[in-house]
Amino acid sequence: MASMILPFIEALSVSEGLIALVTVCLVYLTLKQFRREIPKGLRQLPSPNAFPIIGNLLELGSKPYLSLTEMSKRFGDVFQIQIGMRPVVVLSGYETVKQALTKQGDDFAGRPDLYSFRFINDGKSLAFSTDQAGIWRARRKLAYSALRSFSSLDGKLPEYSCVLEEHICKESEHLIKELQNVMRAEGKFDPFRYIVVSVANVICGMCFGRRYDHHDQELLSLVNLAEDFVQVAGSGNPADFIPAMQYLPNKSMKKFVNLNNRFNNFVQKIVTEHYTTFDKDNIRDITDSLIDHCEDRKLDENSNIQMSDEKIVGIVNDLFGAGFDTISTGLSWAVMYLVSYPEVEERLFQEIKEQIGLDRTPTLADRNNLPLLESFILELFRHSSYLPFTIPHCSTKDTSLNGYFIPKDTCVFINQWQINHDPCETLRDKENHNPNKSGFIRIKPKFLLMLPFRGLWKDPSSFIPDRFLNDDGTEVNKLEGEKVLIFGLGRRRCIGEVIARNEVFLFLAIIIQKLHFYKLPGEPVDMTPEYGLTMKHKRCYLGVSMRAKDDQ
Ligand code: HEM
């Protein structure tokens, strides 16, 4: 607990501390008096006992996805914890999350008003702000259609099927050259440092029509801010849940505000340049297309959604921010798995060699021909679960889930990590555990062993890409793949999912075809994730060499 809260408090006198404590206690006791009544026929949410003021913060610890997974075993798929003064409903279990986010999608499509979210994109973020449903929906539609059209445009050169493919192929070439240079100069490289610039250049190309050199200091300092950003923006940040902490000196929060300002200034400068060179007959990129939308909207008298130009053009800030950190973190994890499972790396290389050969560069059209690579990516998403929670949701009205009452404006955490690690229990396991209570229809005993009772994954803590392949290894089992949850579900599902899956595939196909990664003696490779909105592995140094054309 101390380790979670202390970084948020700089210095506080005893009298200031006492006043804050008494105020918080009074508010807590008052709120308890006004607890909502549960409507007839519904049950009160199960919850662990909570301390006054801090609630269950102690139990959350530094890895909330693990502690909340443990709690779900005691309290079930829907339970409530108290973080500071705020009740938070935690959802686990694939079917329950699907029910909430798709079947009851509108009830859970809101975002909570969290203190730290107010600083993201000046409080105008599409992903984090508490926009009313109509405004959020209109902005999301706009963002989605801009992304889709600017990734699927024809490439400048005929060999590329679309702009996205062209950007990725070119950035992969630059990345491979940079890795060769750094290996010649230093004999080792830090995977995240190089991957993040390549990925940032792909989204920069689509959003701003430009790319940056791998040594550009402005871009490097900006992309490195992402690590500080995700630490504060992750679910369970104490300053978001204990209101008194907003008024206390707070180092992490200061850093967070500062990095958001730097990020906004970077994007704002490019947007201003776009306004001055804007030409309606030559829409160059996503920023231009959003400016163009503002112009068209002013002419549209029937438009019934009132939105400022800032809110429209500000969408590019979300796309750029979401577009580089998520993908580069995934690719960096992929390289960590390649060096940790060299036999898998070798099989992936052989698959590419057999299906594509070594003379031409892989393309997006090869996706269906590389089932092992597709399975590797699914297992990478599942096993690392590097987005352990979605962005927090919020109930938009009084509702219920699995028979429990959930009042309007309740903050909701979706534990994606729990779903991706939910162990498959067979009916026989269950009967052995609790012989009097199977609750299932009777069938012949020999089938009992095979029947899943609950949960999704056999041996979930092992990294087994083959779990997604059919028996002869020629196809991906799509149904299994759909159970991996990393892009969220339903109304708030990630709008960059298609681009992200294509980008992760093509970057990996190209670098696995050309490069061999390995661990270096004396350089530790630590796969323990560091908790945040996106979880990173510890920065480390690896080795990389070019594959020879006649590599076996
Ligand atoms: C592997 C890469 C990515 C992963 C794992 C990922 C995952 C996610 C997740 C978990 C959410 C929150 C869903 C929820 O709250 O229920 C989200 C939202 C979002 N993502 Fe992604 N994302 C990725 C790439 C991208 C890319 C490339 C873009 C755009 C260029 C993007 C744009 C967005 C936006 C705008 C939202 C907010 C949607 C909303 O609130 O309505 N993401 N993403």
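The model is predicted, so local features need pLDDT of at least 70 and side-chain atom pairs count only at pLDDT 80 or more, whereas totals for chains, interfaces and linings use all residues. Residues are numbered from 1 along each chain as its sequence is written, and side-chain values use heavy atoms, with hydrogens and water left out.

The chain contains 21 helices and 10 strands; these are DSSP runs numbered from the N terminus, with helices (H or I) of at least four residues and strands (E) of at least two. Of its 552 residues, 53% are buried, where buried means under 20% relative accessible area, exposed over 50%, and partly exposed in between (1.4 Å probe, protein chains only). The chain exposes about 25,900 Å², and carbon and sulfur atoms supply 54% of this area. Such areas come from the Shrake-Rupley method with a 1.4 Å probe, and for residues only the protein chains shown count as cover.

The iron atom of the ligand has a single donor from the protein, namely the SG atom of Cys 494, at 2.3 Å. Donors are N, O and S atoms within 2.8 Å of the metal (3.2 Å for Na, K and Ca), and because water is not among the atoms, sites may look incomplete. Cys 494 is situated in the loop that runs between helix H20 (478-482) and helix H21 (497-514).

Empty space was examined next. Rolling a probe the size of a water molecule over the atoms shows where such space is left. On a 1 Å grid over the protein atoms alone, a cavity is a set of points where a 1.4 Å probe fits but cannot get out, while a pocket is an open set with protein on both sides within 12 Å along at least five of seven lines; lining residues have an atom within 4 Å of a point. Grid points are joined across faces, edges and corners, and a volume is the space filled by probe spheres set on the points.

The structure holds 4 cavities of 30 Å³ or more. The second largest cavity has a volume of about 40 Å³, and its lining is formed by Leu 175, Ile 195, Ser 198, Val 199, Leu 331, Phe 507 and Ile 511. Helix H8 (191-208) and H21 each supply at least two of the lining residues, and H8 gives the most, with 3. By class, the lining comprises 6 nonpolar residues, 1 polar residue and no charged residue. In this division, Ala, Val, Leu, Ile, Met, Phe, Trp, Tyr, Cys and Pro count as nonpolar, Asp, Glu, Lys and Arg as charged, and the others, Gly among them, as polar.

Individual positions were then considered. Cys 169 belongs to helix H7 (residues 163-186) and counts as buried because its relative accessibility is 6%. Apart from neighbours within four places in sequence, Cys 169 is in contact with Tyr 160, Thr 361, Pro 362, Leu 506 and Ile 510. Glu 186 is also found in helix H7, but at 53% relative accessibility Glu 186 counts as exposed.

Ile 120 lies in the loop between helix H5 (94-103) and helix H6 (133-152), and its relative accessibility of 6% is why it counts as buried. Residues up to four places away in sequence being set aside, Ile 120 touches Ser 125, Phe 128, Phe 229, Phe 256 and Asn 260.

Most residues other than glycine have a negative phi. Asp 409, although not a glycine, has a positive phi of about 70 degrees; this residue is placed in the loop between strand E5 (404-406) and strand E6 (411-414). Asp 459 likewise is not a glycine and has a positive phi, of about 50 degrees. The loop between strand E8 (452-454) and H20 contains Asp 459, which counts as partly exposed because its relative accessibility is 43%.

Technical notes:
Contact = heavy atoms within 4.5 Å.
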